[in-house]
Amino acid sequence: MASSGPEDLHQTPLYEKHVAASGRIVPFGGYALPVQYPSGIMNEHKWTRDNAGLFDVSHMGPSFVRLNAPSGDAEADHAAISALIEPLICGDIASLKPGQIRYSLLLNEQGGIIDDLMIARSPDEAGVLYVVVNAGTKDSDFALIEKALGDSAKLVRADHDNALLALQGPEAVNVIAGLIPGAVQLGFMTHANLSWNTIPVTTARAGYTGEDGFEILLPAAHAEDFWDALLTDDRVKPIGLGARDSLRLEAGLPLYGHDLNETISPIEAGLGFAVSKRRREAADFPGSHRILAERDGQLSRKRVGMIIEGAPAREGAEITDSAGTVIGVVTSGGFAPSLNKAIALGFVSPEHAAIGSKLQVVVRNRAQAAEVVETPFVPHRYFRKSI
């Protein structure tokens with residue numbers, strides 16, 4: 001990754017905007033993206049917590065999954081499209097209401113996580129799902145989904161001709177009200193097909209920061225104008241990947257390829273909520289035997305959050321007990337600007353996972369005190385509204 005030259009990297013429709021704003025461009029998921037702007041990661045992080053941060057997340061993998069021959073019966077068509085994708089995941093898609101979004105997990109036959117993703121039922125089209133996967137796995141994810149669809153449905157990629165923007169923070173709703181008024185009516189984890197200046201914008205009330213906010217998919221040709229329109233508001237500043245990572249870490253949200261991978265199960269990762277009740281009862285998802293056994297307590301490791309004394313621990317740092325015996329590893333770590341402390345996520349043996357457990361993390365060959373704490377480290381501030 002670090003050795004990739006600029007010529008090897010994809011550019012988002014907003015690349016020139018990042019360069020013009022003096023963003024420091026780095027390779028990420030095969031794309032050239034800004035890790036920070038001149039104000040720096042700390043200021044960008046705090047701005048998002050207090051105001052509204054604007055992120056270019058066009059490297060992600062948005063798509064639409066459509067029945068090839070819808071019947072016209074909205075409920076029957078939704079049941080049909082759900083039945084095609086549910087064998088790949090552990091979530092209940094069939095029960096989604098129009099416009100509702102569900103966080104779920106693509107699983108392998110061993111119960112390991114292939115990717116985490118968002119799946120939404122179209123608010124106004126029968127037999128259509130809006131699916132967003134991670135950048136680094138999107139090609140393989142799409143291939144897996146297409147194979148499962150067979151001749152019954154098709155996957156239409158929306159990452160080539162569109163841009164995906166995220167507006168996050170307590171002022172996001174007030175900012176978006178002036179541009180896409182209908183977005184204000186959305187509840188957390190719902191979406192709608194709206195418009196901005198007659199341009200279609202698929203707008204979701206969701207995000208990856210722990211704050212209230214929106215993710216907006218729109219045609220690439222209009223991305224720069226929409227980006228500029230948002231930044232004319234003094235409450236909005238552009239935010240890079242660095243602050244996106246520190247914000248999601250404070251929110252206790254896992255990052256695929258670090259806190260999640262194909263050997264880690266939903267239960268080990270603390271994502272048991274993503275294994276829906278109906279699917280648990282039917283035990284009809286990949287790796288169900290392992291996952292249900294782990295849910296009953298047969299765990300060998302568990303993801304925990306830790307507050308660390310001293311320097312931040314980075315991915316790969318060893319976690320030890322008080323005697324110095326290695327009991328786990330850090331998967332994400334850094335400084336939490338909102339807490340003014342070092343925090344980390346990692347996996348430890350279950351007997352050391354209880355809240356309040358006193359552990360150590362080895363940073364530069366030196367053991368530093370750590371304590372297991374509740375996550376999220378910073379409370380989520382999502383806007384809750386039933387649909």
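The second largest cavity of this predicted model has a volume of about 40 Å³. It is one of two cavities of 30 Å³ or more in the structure. A search for aromatic pairs finds four of them in the whole structure.

**Cavities**
- F55, V57, A166, Q168, G207, Y208, T209, E215 and R244 line the second largest cavity.
- By class, that lining has four nonpolar, three polar and two charged residues.
- The largest cavity has a volume of about 70 Å³, and its lining consists of H18, L33, P34, Y37, F55, D56, I239, G240, L241 and R244.
- Two or more residues of the lining of the largest cavity come from each of β3 (31-36), β4 (52-56) and α7 (241-250).
- Six nonpolar, two polar and two charged residues make up the lining of the largest cavity.

**Aromatic pairs**
- Among the four aromatic pairs, F64 and Y130 are stacked, at 5.0 Å centre to centre with 20° between the planes.
- F64 is in strand β5 and Y130 in strand β8, so this pair ties together parts 66 residues apart in sequence.
- F64 counts as buried at 17% relative accessibility, and Y130 counts as buried at 8%.
- Y103 and F273 also form a stacked pair, with 5.9 Å centre to centre and 25° between the planes.
- Y103 lies in strand β6 and F273 in the loop between α7 and α8, 170 residues apart.
- Y103 is buried at 17% relative accessibility, whereas F273 is exposed at 59%.

**Charges over rings**
- K237 lies over the face of W47, at 4.1 Å from the ring centre.
- R301 lies over the face of F347, at 5.6 Å from the ring centre.

Terms used
Residues numbered from 1 in each chain as written. Predicted model: local features only at pLDDT ≥ 70, side-chain atom pairs only at ≥ 80, totals over all residues. Heavy atoms only, no water. 1 Å grid on protein atoms, 1.4 Å probe; cavity = no way out; pocket = protein on both sides within 12 Å on 5 of 7 lines; lining within 4 Å. Points joined across faces, edges and corners; volume = space filled by probe spheres on them. Helix = DSSP H or I, 4+ residues; strand = E, 2+ residues; numbered from the N terminus. Nonpolar A, V, L, I, M, F, W, Y, C, P; charged D, E, K, R; others polar. Phe/Tyr/Trp six-rings, centres within 6.5 Å; stacked < 30°, edge-to-face > 60°. Buried < 20%, exposed > 50% of the residue type's maximum accessible area, 1.4 Å probe, protein only. Lys NZ or Arg CZ within 6 Å of the ring centre and 35° of its normal.
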